[in-house]
Amino acid sequence: MSTNNTTAPGTPASAPHYPDQVTGMYILARALKNIGIDTMYGLVGIPVTEFAYIAQLEGIRFVGFRHEQQAGMAAATHGYLTKKPGVLLTVSSLGFMNGLTATVNATVNCYPMIQISGSSVREPIDLDQGTYEGLDQLNVAKPLVKAAYRVNKPEDIPTAVTRAYRAAVSGRPGGVYLDVTTPCLGAIMNRADAEKLFETPVDLCPSSIPSDESVDRALKLLASAKKPAILLGKGAAYAQIDEKIKRLIETTGIPFYPMSMAKGLLPDNHPLSALSCRSTIMEEADVVMLIGARLNWLLSRGHGKWNPDGQFIQLDICPEEIDCNRHIAAPVVGDLESSVDAILTKLPDYKLSMDPAWVTGLQAQSKQKNAKFMERLAPQTVPMTHWSALSAVKKVLEANPDVILVNEGANTLDDTRDAIDMSLPRHRIDCATWAIMGMGMGSTIGAAVATGKSVVAVEGDSAFGFSGMDFSTICRFNLPATVVIFNNGGIYNGIGENLSKDGDPAPTTLDVKARYDKLGDAFGATTYYVTTPSDLEKALTEAIASKKPCLIDVQLAADSGKESGHIGYLNPASLINVTV
Ligand code: ADP
Ligand code: MG
């Protein structure tokens, strides 16, 4: 079996031809299967095509994409939802680079994934002599990901896979890069020797137990609080300890605030949900317990509105996270399951001194704010605004709570997050920590493949553009996914003006007349073009019920939407008032 035979598959040269010999590709597939990987996302070409065929033969589902970045987003979402690394397969050079963006994004978001990339022959790369797709991939990846390894010999492959797996899931999860050279993929080994390599690793993600002292310190502080709050992050959702977190909140009666991807960990309409009282929590809480959430830019890095005299308890797996932005009075470092278990065990030893008026006050405020919010959704405006469109989406999604919601855009992100109540854990996936655009189709596919559940992606028209071609992957794999495109014809909105008046579109302008539904037709999806909230409600209901690939083009008014949503101050363009 030759290594550069990879462009001419059909039938891979596999075991039946050489019963006593195996290749590095076979060993890699077996090692992945052996450690529990059942799915791989990627895009093939030299030197990994045969490997993907062999992986399929070995029982690993291969989901082939049109762009590596989206395959990576799928792998990352798979990792987030399953607590096992999602696996991305890329070719060398550009394919590697395209996929790396997703691996880095996974690292930033603490999602476990492994990017496996074929790479060229080492020697001409090291001497910079010019070779086919020659790039020093390991060194490119190294500073950007949680861990990076290269494997040069087939007998080292199982060890490399185990190391990559452990690095991805242990401690703070993240993206791992595994570089497999072309000679290693094609190297031949005696089958009997290869079979001896597959040991089954045990305890792949060991617990990390918090100290008794840290748990007591945290409980002492919590018990002293008059106005405590619990802030849930996506680390808490990732941990899959939903019942324990519910028990902690319900037995203490402390109000909670979920970060966007923690929505649904407890239902958004739970009596202790302080979802609509973010400012009050920040300004008035005297003790805040962070569970799997970082005090990063999404929480003003612990400053700004936050009560300067407030104190923090932080439950996190990562010791370096503690104190990184603001003094943490009571860090509890451990995996969340162990930490929450320890807190629940010791909780009866402490008497809380929470002021009951704090909770009733927040509840009254929530009621008032929620009623006011509903006023935004009431007008059935046509041409549709984000709000009138969301009034329809809200009805349908809340009637189908087990549908996973993927969401990206600018206004489409902010408004959808605020409008749609979630009631089940890990049912909302969005652009998260970096607030990136271009995760939509990948995350939709990853969520559908990893869970088998129906997925609805609510996408801004600009956001959809980054990954639109991978709608065809949804169709080829016949996934139960509906893509809803809010088309207001632009980034933020479709009424930007080119200030130079040279006739070109403004930097923010796309195409408000674009018929995205026709793009869906090209790939055999069921498609809809809707102009009213009632038609949208009908289309989305039908689409979800079909459990088939569907695309809904939602025609919005070009002037619906404002620049940068809630964070205009981060974007200098808002200072020159481009859009009005
Ligand atoms: P959010 O954006 O929702 O606030 P972040 O991604 O900022 O969430 O924070 C998640 C935090 O959760 C990270 O600091 C990470 O170290 C932590 N984390 C992730 N998984 C676990 C776990 N199993 N146990 C403890 N902490 C975890
Ligand atoms: Mg738009």
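Strands β9 (residues 228–232) and β11 (residues 287–291) run parallel and are joined by 5 bridges; strands here are DSSP runs of E with at least two residues, helices are runs of H or I with at least four, and both are numbered from the N terminus. Within this pair, I230 has M289 of β11 as its bridge partner. What you are looking at is a predicted model, in which local features need pLDDT of at least 70, side-chain atom pairs count only at pLDDT 80 or more, and totals for chains, interfaces and linings use all residues. Residues are numbered from 1 along each chain as its sequence is written, chains are lettered from A and ligands numbered from 1 in the order in which they are written, and side-chain values use heavy atoms, with hydrogens and water left out.

Now step back to the sheet around that pair. Its 5 strands form an open sheet with parallel pairing, in the order β10-β9-β11-β12-β13; two strands pair if DSSP finds at least two bridges between them. Because β10 (256–258) and β13 (330–333) each have a single partner strand, one side of each is left without a neighbour in the sheet. On average, neighbouring strands are turned by 15° against each other, direction ignored. Helix α10 (residues 212–224) packs on this sheet and touches β9, β11, β12 (311–316) and β13, its direction making about 140° with that of β13. Contact here means heavy atoms within 4.5 Å, while axes are lines fitted to C-alpha atoms, for helices over the stretch in contact, with angles from 0 to 180 degrees between N-to-C directions.

Let's turn to the ligand. Ligand 1 is surrounded by 19 residues, and the closest are R172, K234, R294, D316 and L336; a residue counts as near if one of its heavy atoms lies within 4 Å. Helix α11 (residues 234–238) supplies the largest share of this shell, 3 residues. Among the polar contacts (pairs of N or O atoms within 3.5 Å), an N or O atom in the side chain of D316 is 2.5 Å from a ligand oxygen atom, and a polar side-chain atom of R294 lies 2.8 Å from an oxygen atom of ligand 1.

Finally, there is another open sheet, with 6 strands in parallel pairing and the order β3-β2-β4-β5-β7-β6. Its edges are β3 (61–64) and β6 (147–151), each with a single partner strand, so one side of each lacks a neighbour in the sheet. Inside this sheet, 7 bridges join the parallel strands β5 (residues 113–119) and β7 (residues 175–181), with G118 opposite V180 in β7.

Terms used
Polar contact = N/O pair within 3.5 Å; in protein donor to acceptor, adjacent residues only side chain to side chain.
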